[in-house]
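The structure is shown first.

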Amino acid sequence: MSNNYTVTVLGLGAMGLPMATRLATKLTVHGFDIAPARLELAREAGVRTFDSARAAVQGTDALLLAVRNGEQLNDVLFGDNGVAPALAKGSVVILTSTVGTEAIGGTVARLAEYGVELVDAPLSGGPVRAGEGDLLIVVGASDAVLAQSRPVLELLASTLSIVGDKPGDGQALKTVNQLLCGVHIAAAAEALALADALGLDQAKTLAALEAGAAGSFMLSNRGPRILQAYTEDGAEVLSRLDIFVKDMGIVGKAARAAGLAAPVAAAAEQLFLLGQAQGLAAADDSAVIKVVAPAKRTTA
């Protein structure tokens, strides 16, 4: 890898900035964000910043996108100020977000009009892991397009899983992944709420569960944060609750389109929806325990 390879990162927020910082250790990185403070942080990390998204993407080999949903993806690329017309022919767009499979076909077709390919590469892992190049990235792309995006993907991922040869395959696998993640978080919250209701010490219960057959990554990862949900400030927000409202919605839509019943996923989705309705959208997703048990049990 060399600094002759240039990648643009649009959006220098919680994930965008650490990814851009990581990429800047080996590659030339362009960046844009609407917030001046984020641009300044990016400059300090060695990112070349620009006054507009279109200026930032001109002449680059790849565009890395982390958007919220399919609508935002469409707007960033093809909206009134969309960057697609400014992308160099032969460049690639690396989509790292979970947007669902149905957003992919139209995006691929419209990018092709500009001679640009899409790399479907949704990722898992938070800001710290992004900055360390320790993300899980699942990819759907042809061999040729994958080769063109490897300088970016290999810097960001500790686990790079090629799950298919076309865009949409990455989204499909990430949809399956999010079904399990959402169900596991909801189940962990229910279990620890039950422990509290039965008069058990939640921290000791969590430690015991982690050591046995009921243990899981999500239990160990979210469990300590679930226990912080009732504190004044709640758990540190590492994954917003409304992200799982979106993702479990994608899961439900995919299951229905496939004619598949997914009742456990649907039940978990309802818990996240209730949390959002109760004002917990911007809280950490571990706060879903407050839907199951609005108040922590207090001993007399």
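The count of salt bridges comes to 11, a salt bridge being a side-chain nitrogen of Lys or Arg within 4 Å of a carboxyl oxygen of Asp or Glu. The table lists some of them, including the pair E102 and K253.

| Salt bridge | Closest N and O atoms |
|---|---|
| E102 and K253 | 3.3 Å |
| D242 and R240 | 2.7 Å |

Helices (H or I, at least four residues) and strands (E, at least two) are DSSP runs, numbered from the N terminus. E102 is exposed at 61% relative accessibility, while K253 is partly exposed at 43%. Here buried means under 20% relative accessible area, exposed over 50%, and partly exposed in between (1.4 Å probe, protein chains only). D284 and R225 are both buried. D242 is buried at 7%, R240 is partly exposed at 34%, and R68 is linked with R240 and D242 in a network of salt bridges.

Helix α4 (residues 70-78) has the buried residues G70, L73, L77 and F78. Seen down the axis of α4, they fall within an arc of 90° and so line one face of the helix; the arc is that of the directions from the helix axis to the C-beta atoms. These residues pack against β4 (62-65), β5 (92-95) and α5 (104-112), contact meaning heavy atoms within 4.5 Å.

In this predicted model, local features need pLDDT of at least 70 and side-chain atom pairs count only at pLDDT 80 or more, whereas totals for chains, interfaces and linings use all residues. Residues are numbered from 1 along each chain as its sequence is written, and side-chain values use heavy atoms, with hydrogens and water left out.
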